[in-house]
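I opened this entry to record what I looked up in the structure.

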Amino acid sequence: MINVSRRRFTGKRHLSGYKACRNCKMIVPDDAETCPNCGSTDFSNEWNGLIIVIDADKSCMAKSLGLSKPGMYAINVV
Ligand SMILES: [Zn+2]
């Protein structure tokens, strides 16, 4: 007898304990009250995609998304 455990995946890439700013899409810890990037208090727990910006000046991805500060950003915020 072989027991096979199956795990269900939601399909969403989601970091538990983090939320995304609806204004600038920065990923912040769940307990943050204001966004360290733009100061917004409008957050969403429904986000997917993740881009980590280390050097915004050299990253064309960051430029195309309008990101100017290093940090973690969501691609999509619902
Ligand atoms: Zn923000």
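What percentage of the 78 residues in the protein do buried residues make up? I worked from a predicted model, and I found that buried residues account for 19% of the 78 residues.

Secondary structure. I counted one helix and five strands in the protein. Reading from the N terminus, I noted the order β-β-β-β-α-β.

I traced an open sheet of three strands, in the order 2-1-3, with antiparallel pairing. Its edge strands are strand 2 (27–29) and strand 3 (43–44), each of which pairs on one side only. I then examined the pairing of strand 1 with strand 3, which is antiparallel and runs over two bridges. Within strand 3, I identified phenylalanine 43 as the bridge partner of cysteine 21.

Core. I next looked up the largest nonpolar core, which has 13 residues. The residues with the most contacts inside this core are Ala20, Cys21, Met26, Ile27, Tyr73 and Ala74. Strand 1 (18–21), strand 4 (47–53) and strand 5 (71–77) are the elements that give two or more residues to the core. The largest share, three residues, comes from strand 5.

Contacts. For alanine 74, I set aside neighbours within four places in sequence and found contacts with Ala20, Lys25, Ile27, Trp47, Asn48, Gly49 and Leu50. Finally, I took the contacts in the protein between residues at least 6 apart in sequence; 40% of them join residues at least 24 apart.

Key
Residues numbered from 1 in each chain as written. Predicted model: local features only at pLDDT ≥ 70, side-chain atom pairs only at ≥ 80, totals over all residues. Helix = DSSP H or I, 4+ residues; strand = E, 2+ residues; numbered from the N terminus. Buried ≥ 20, exposed ≤ 12 C-beta atoms within 10 Å, placed from the backbone. Contact = placed C-beta atoms within 7 Å. Core = buried A, V, L, I, M, F, W, Y, C linked by C-beta atoms within 7 Å. Pairing = 2+ DSSP bridges.
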